[in-house]
Structures are given as C-alpha cells and as structure tokens.
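Please find below a short note on the structure under review. It is arranged as numbered points for reading beside the coordinates.

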Amino acid sequence: MERPMRPKLISIWFSDEISTWRAFWFTEYMQSSVVKPRAGYVQEVFYTKHIDLTQDEKQILAAFSPNTRREIARATREGIEMHESVDLEEFVPFFNKFAENKGLDYRVKRETFRQTRSALRLFKAIKDSQTIAMHLYICDYRKARVRLLYSASLLRDEGKAISNAVIGVANKAAHFHEMRLFKQQGFQVFDFGGYAYQTQDPDLIKINFFKDSFGGALVREANYRSFPLHLASCWFQWRNKSALHKSLQAKVLNQQKDIGSNRQLPEFVEGAK
C-alpha cells in the first residue's frame, strides 16, 4: 500500500527578504531580519541575544559578568574538557532524557538531524569521562552566523557526584569555548537562540539571566509561516487534541469498569486540566 506523499516543508533561516510566491507553499522563515508583516504569512516576533564575534577575544570576555568570568576560569580547575562530536545522533537520547526530566513538551528526532546534518555542529562538556552538557548549533556559513539550537545538561539526580554548580560552570565555559572556536573559523555572529522578552515566567527569567551574563545585544527579528502551513499546523493540533480527548475518555471508562461500584467518576470535560 502506497502512502500519500506529504507536502515538503521549506525552512529558511536568517533571510533578509520574504518571498511572495513561497506563501503558496509550506514555507517557514526563521529569524528573518524583516520585521514588518507580509501578505500570505502569519508573523511571530522573535527576540534573541547576539554576541559580536568580530570583537577582540578580550573584549568579548570583558562583556561577561564577573561571576561568569570566574566560572569560566573555574572550569579548568575542575578538569572539565570541551569536545566537538561528529556523532550528531548521540545528542538525541541525551536531550530527550533532559526534556523528559524537565517536563518539556517536545523531543528531538534523528530524522531532523539527517535532513540538516551539514549545517549542524555538536559540542559537549565532559568531566570524569561523563558528558554533563551538550550544545547543538545550526550554522549559516554564507552569513557567518551560528545559532544555538538546543542545549541540554545533566540534572541533579543524574550527575551523581557532580554538583549543579559544576554543571553550571561547564555550561558557561563550553559556550565561551564555542564562541572562541567559531570566531577562529570566521563566524561573525553568535546567536543564543532566543530571548523571552518581558516574560513573567520564573524559569524563562532564569534562562534570560544566564544569557544576559554573556553581555551581547538584544535583537528583534521575526518568524513567518505561510497560510497553508499555518492552517495545516492548526489542523494537526486539533487532531492531536481530539485524539488525546478520546484516549482520556477511554481511560475514564476503564476506571469506571474497574471500580465495580455505583459510585460515579467525575465527568471528563474537554480542555480541563
């Protein structure tokens, strides 16, 4: 049995223009410098932090907070090593376990890496032969721009004898190591991959604080989804929500049968938490 062909999704990163004719296809523009709405697309304003890698290395380091500079120096004393990995797929289980433990609602897939392998770079921080942090980047060699795509680290219960403080040290030192390496390779912009502008979420505030500790400039960009892609995304969300609704209803019915009494369970209401 042949499966129906899926429409191809076209993802365009860091574009300086938005194509009108691409609005008729499944097209998304990620972090475009175009910030005005465009016909045929749904726009999402996107903020991020940029580090200017054309600066002297001492200037880059001087913009870091004093505590960040101290932690970077501490990484050497802790015996933390930085390595670039050629095996992108080792990031998948590492990140997905991190996401599960953090209660995040998304996972990464190996298929995604296979499609964009040539543009991806993976780095990891290691202590006592244990990987304690990983950073995955997407690179635009033409624009000399590198963007943090995903970051993951060990959590408290996984690190065994490795403290949260040391894991934090490894993360900061790894970022500086990666900045230096990208600078040496001719990249001009280091993009932290997003900034939760004016957020009130405590967790996002902590992430912002981490990124702010490296200095840099707050930059406003925009993401765009073509109308066909946006409608398809809405339909998939509705379908998944409907499937979840049916699954929960089935669980409630099974629980009612298992109870074996006349006591009624609370009625399931769609959208209830």
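This is a predicted model: local features need pLDDT of at least 70, side-chain atom pairs count only at pLDDT 80 or more; totals for chains, interfaces and linings use all residues.

1. Burial of strand 2. Strand 2 covers residues 27-32, and six of its six residues are buried. The strand is therefore largely enclosed by the rest of the structure.

2. Pairing of strand 2 with strand 1. Strand 1, made up of residues 10-13, runs parallel to strand 2, and the two are joined over four bridges. Within this pairing, I12 has Y29 of strand 2 as its bridge partner.

3. Pairing of strand 2 with strand 9. Strand 2 also pairs with strand 9 (residues 217-226), here in the antiparallel sense and over three bridges. E28 is bridged to R225 of strand 9.

4. Length of helix 2. Does the distance between the ends of helix 2 agree or disagree with its number of residues? Helix 2 has 12 residues (66-77), which at 1.5 Å a residue should span 16 Å. Its end C-alpha atoms lie 17 Å apart, in agreement with that expectation.

5. The buried side of helix 2. The residues T68, E71, I72 and A75 of helix 2 are buried. They cover an arc of only 105° around the axis, which means that they lie on the same side of helix 2. The packing partners of the buried residues are helix 1 (57-62) and helix 5 (164-184).

6. The opposite face and the end of helix 2. R70, T76 and R77 are exposed, and they are carried on the face of helix 2 turned away from its buried side. After helix 2 comes G79, which has a positive phi near 75°.

7. F14. This residue lies in the loop between strand 1 and strand 2. Although F14 is not a glycine, its phi is positive, near 60°. Is F14 buried or exposed? Its relative accessible area is 3%; the cut-off for a buried residue is under 20%, so F14 counts as buried.

8. A144. The loop between strand 6 (130-140) and strand 7 (145-153) contains A144. Phi of A144 is near 55°, again a positive value in a residue other than glycine. With a relative accessible area of 12%, A144 is buried.

Conventions
Residues are numbered from 1 along each chain as its sequence is written. Side-chain values use heavy atoms; hydrogens and water are left out. Buried means under 20% relative accessible area, exposed over 50%, partly exposed in between (1.4 Å probe, protein chains only). Two strands pair if DSSP finds at least two bridges between them. The expected span of a helix is 1.5 Å times one less than its number of residues. The arc is that of the directions from the helix axis to the C-beta atoms. Contact means heavy atoms within 4.5 Å.
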